[in-house]
Amino acid sequence: MKTLAIALTLLSFSAAAASADTCVANADAQKLAGAARTSFLTKCQKDATAACNTQATDKKLRGAAQTSFTTKCVKDAVGQ
């Protein structure tokens, strides 16, 4: 259930660039700094990677297409 919630949350990240709802934006909004910010961003990136891998699998992507999709998806979700 937790994975489903994360996946649904990250589906909204496809429009993240337009709405600025990214890991970095969330960390800024919460005014995190130092170790708390690092921890938050690390966890957020791991969650984004898992959700993006799931999306790539659902789209039946393999090889370079999967790598490219996952890289862009994670980058968009994290806000880099």
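User: What makes T70 buried rather than exposed?

Analyst: T70 has a relative accessible area of 11%. Buried means under 20%, exposed means over 50%, and partly exposed is in between, all with a 1.4 Å probe and protein chains only. So 11% puts T70 in the buried group. Before we go on: this is a predicted model, where local features need pLDDT of at least 70, side-chain atom pairs count only at pLDDT 80 or more, and totals for chains, interfaces and linings use all residues. Residues are numbered from 1 along each chain as its sequence is written, and side-chain values use heavy atoms, leaving out hydrogens and water.

User: Where is T70, and which residues does T70 touch?

Analyst: T70 sits in helix α5; helices are DSSP runs (H or I, at least four residues), numbered from the N terminus. Leaving aside residues up to four places away in sequence, T70 touches C52, N53 and A56, where contact means heavy atoms within 4.5 Å.

User: Why is the link between T70 and N53 called a polar contact?

Analyst: Their side chains are joined at 3.5 Å. A polar contact is a pair of N or O atoms within 3.5 Å; within protein, one must be able to donate a hydrogen and the other to accept it, and residues adjacent in sequence count only if both atoms are side-chain atoms.

User: How many salt bridges does a search of the whole structure find?

Analyst: Three.

User: What makes the D28 and R37 pair a salt bridge?

Analyst: The rule asks for a side-chain nitrogen of Lys or Arg within 4 Å of a carboxyl oxygen of Asp or Glu. D28 and R37 meet at 2.8 Å, N to O, so the pair qualifies. Both residues are partly exposed, D28 at 45% relative accessibility and R37 at 21%.

User: How are K43 and D47 placed in their helix?

Analyst: They're four residues apart in helix α4 (residues 34–58), which means about one helical turn separates them. K43 is partly exposed at 47%, and so is D47 at 22%.

User: And D76 with K72: why is K72 called exposed while D76 is partly exposed?

Analyst: K72 has a relative accessible area of 52%, so K72 passes the exposed cut-off. D76 has 27%, so D76 lands in between. The two meet in a salt bridge of 2.6 Å, N to O, and they're four residues apart in helix α5 (residues 63–78), about one helical turn.

Conventions:
Helix = DSSP H or I, 4+ residues; strand = E, 2+ residues; numbered from the N terminus.
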